[in-house]
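Please look over the model below before reading on.

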Amino acid sequence: MSTTGRDLTRRLRLLLVLQAVTTLVLFFAYRGVHDDTVPLSTASTPGILAVDTAQSAMREAHQVVRDSGLEGDISGEFHTQISVAQQSLALAASEDVTGLAGRHDLQTVTGLIAVYSAWVERRGREPDDSPLHAAYLHYAEKVLGHQAEPGTDGDIMSRLDALRAEQLEEAGRQAAFPWQLWLGWGSVAVLYAVLAGALLETQRFVRRRFRRPVQLRLLAATAVGALGVPVLAWHTVSAHRAMTGSLAEVRVPRADPDTIPDVADEVQHALADAGFWASLSDWILLGGAVVVALTVWGLWPRIAEYRFRGQR
């Protein structure tokens with residue numbers, strides 16, 4: 001009595017299980033990396049650079065104050081730099097990298113900038129011979145954190161440094177590749193190899209039993225898996241390199257404020273495809289469904305023939 005029908009059924013069940021498990025593991029492994037590419041590109045790195053811009057603007061504003069002498073800033077450059085700092089902090093708040101705590105810190109810094117500006121303006125309103133010039137400048141520098149000692153956290157610069165460190169920590173988490181992802185992608189590699197071997201073995205079995213050189217539907221299922229998984233793995237490697245490279249670009253604050261836009265352009269260029277990479281995760285489940293459908297379509301007619309023969 002022929003066992004072909006039973007052998008085909010066993011192979012079909014094995015293939016369906018392998019395809020379902022491989023699809024799910026690949027989906028979660030892929031999402032584990034690419035769910036963070038878009039936030040890193042659109043929120044974390046712009047938020048860090050916004051804090052850098054605010055700090056740079058505050059340094060420029062205070063340099064204007066110190067260079068302007070007793071008469072104060074006549075050119076209005078001080079208020080321009082203060083406006084730049086406030087706009088940068090508003091941008092950092094909109095990115096919301098560190099959540100509620102970060103927004104609270106930004107609100108505090110915005111209030112401190114108003115206090116700092118008030119001391120500077122009071123200094124400028126004093127007569128030239130007033131002894132309060134030095135006192136008001138001292139108060140403004142205390143609020144700013146000009147040459148503040150390490151460990152202080154009640155001034156503008158110290159709070160921005162602390163916020164930047166928290167943003168970097170979040171960006172580092174997004175760009176990391178922890179052991180869970182190594183385990184996930186290692187499992188994908190093993191399952192991919194086993195599934196490819198099972199598909200090829202089924203192809204040989206069908207060709208030997210039915211004397212057909214190629215089972216086109218099984219071949220199509222094999223091709224989808226053979227092309228899809230390596231392409232997704234390549235996109236994941238590319239994304240991870242872009243993420244770590246972008247994190248390295250923003251990790252160290254730029255001494256020259258003119259280089260901050262250049263860093264922003266480099267990061268934007270490196271992560272320009274982040275949205276496309278992330279969108280591919282939606283196609284993994286569809287691709288898995290296509291592979292399953294092709295496998296069933298290829299084997300079920302043969303299995304049905306043997307079931308019919310058995311009933312007859």
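1. Which residues in H2 meet which residues in H5? Met 58, His 62, Val 65 and Arg 66 in H2 meet Leu 137, Glu 141 and Leu 144 in H5. Contact here means heavy atoms within 4.5 Å. The residues of this contact divide into four nonpolar, one polar and two charged. Ala, Val, Leu, Ile, Met, Phe, Trp, Tyr, Cys and Pro count as nonpolar; Asp, Glu, Lys and Arg count as charged; the others, Gly among them, count as polar.

2. A note on the source: this is a predicted model, in which local features need pLDDT of at least 70, side-chain atom pairs count only at pLDDT 80 or more, and totals for chains, interfaces and linings use all residues. Residues are numbered from 1 along each chain as its sequence is written, and side-chain values use heavy atoms, with hydrogens and water left out.

3. The axes of helix H2 (residues 37-68) and helix H5 (residues 132-144) come within 12 Å and cross at roughly 170°. Axes are lines fitted to C-alpha atoms, for helices over the stretch in contact, with angles from 0 to 180 degrees between N-to-C directions. H2 and H5 are therefore roughly antiparallel (an angle over 145 degrees).

4. The protein chain has 11 helices and zero strands. These are DSSP runs, numbered from the N terminus: helices are H or I, at least four residues, and strands are E, at least two. The radius of gyration, taken over C-alpha atoms, is 31 Å, well over the 20 Å from the globule rule for 312 residues, so the chain is more spread out than a compact globule. That rule is 2.2 Å times the number of residues to the power 0.38. Along the principal axes, the C-alpha atoms fill a box of roughly 115 × 30 × 25 Å.

5. The largest pocket has a volume of about 440 Å³. On a 1 Å grid over the protein atoms alone, a pocket is an open set of points with protein on both sides within 12 Å along at least five of seven lines; a cavity is a set where a 1.4 Å probe fits but cannot get out; lining residues have an atom within 4 Å of a point. Grid points are joined across faces, edges and corners, and a volume is the space filled by probe spheres set on them. H8 gives the largest share of this pocket's lining, 10 residues. The lining has 18 nonpolar, eight polar and no charged residues.

6. The largest cavity has a volume of about 50 Å³. H4 gives the most to its lining, with four residues. Two charged residues are in that lining, beside five nonpolar and four polar.

Methods
Angles under 35 degrees count as roughly parallel, over 145 as roughly antiparallel, 65 to 115 as roughly perpendicular and the rest as oblique.
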